[in-house]
Amino acid sequence: MAWLMLFVAGLFECVWAVGLKYSEGFTKPVPSALTIAAMLVSFWLLSVAMKTVPVGTAYAVWTGIGAAGVAVAGILLFNEPRDLARVFCIFLIIAGVAGLRVLAGK
């Protein structure tokens, strides 16, 4: 259950990071409120997951999900570059997160 919470925390990290773009420096009330709510949920789920998952692993997985997710969101939502090298680097982040999950049980 802790790993599921960690995964969802990473998804909420993606939401709040993208929300920062839409809030335009916290000048738009609705996107700002949603961004802050997503931050709170993300941090809370991360803290709950850290009761079981080691702190270094949990933080690396959380930031990895966020980094890869926001990079993909940037491509899909903001027409950021989608060249092969960039996609490969995103794949490497995902592979690292998966590797940490696989190795966590050893």
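Guide: Let's start at Leu46, which touches Leu6, Ala9, Ala58 and Trp62, leaving aside residues up to four places away in sequence. Contact here means heavy atoms within 4.5 Å. Please keep in mind that this is a predicted model, where local features need pLDDT of at least 70 and side-chain atom pairs count only at pLDDT 80 or more, while totals for chains, interfaces and linings use all residues. Residues are numbered from 1 along each chain as its sequence is written, and side-chain values use heavy atoms, with hydrogens and water left out.

Visitor: How do you know what confidence the chain has?

Guide: By pLDDT, the predictor's confidence in each residue, from 0 to 100. The chain averages 95, and 98% of the residues score at least 70. Helix H4 (residues 84–104) has the lowest confidence, at a mean of 94, and helix H2 (residues 29–49) the highest, at 98.

Visitor: What makes the pattern of the chain α-α-α-α?

Guide: Helices (H or I, at least four residues) and strands (E, at least two) are DSSP runs, numbered from the N terminus. The chain comes to four helices and zero strands, and reading along the sequence gives α-α-α-α.

Visitor: Why is Gly10 called buried?

Guide: Buried means under 20% relative accessible area, exposed over 50%, and partly exposed in between (1.4 Å probe, protein chains only). Gly10 has a relative accessible area of 0%, so Gly10 is buried. This glycine sits in helix H1 and touches Trp62, Ile65 and Gly66, not counting residues up to four places away in sequence. Across the chain, buried residues make up 32% of the 106 residues.

Visitor: How do you know the span of helix H3 is close to what is expected?

Guide: The expected span of a helix is 1.5 Å times one less than its number of residues. H3 (residues 55–78) has 24 residues and reaches 32 Å from its first C-alpha to its last, close to the expected 34 Å. Its buried residues include Trp62, Ile65 and Gly66, and their cover includes helix H1 (2–23), H2 and H4. Asn79 follows H3, with a positive phi near 55°.

Visitor: What makes Lys28 and Glu24 a salt bridge?

Guide: A salt bridge is a side-chain nitrogen of Lys or Arg within 4 Å of a carboxyl oxygen of Asp or Glu. The N to O distance between Lys28 and Glu24 is 3.3 Å, and their side chains meet in a salt bridge. Arg86 forms a salt bridge with Glu80, their closest N and O atoms being 2.9 Å apart. The structure holds two salt bridges.

Visitor: Why is Arg86 called partly exposed?

Guide: Arg86 has a relative accessible area of 26%, so Arg86 is partly exposed. Glu80, at 30%, is therefore partly exposed.
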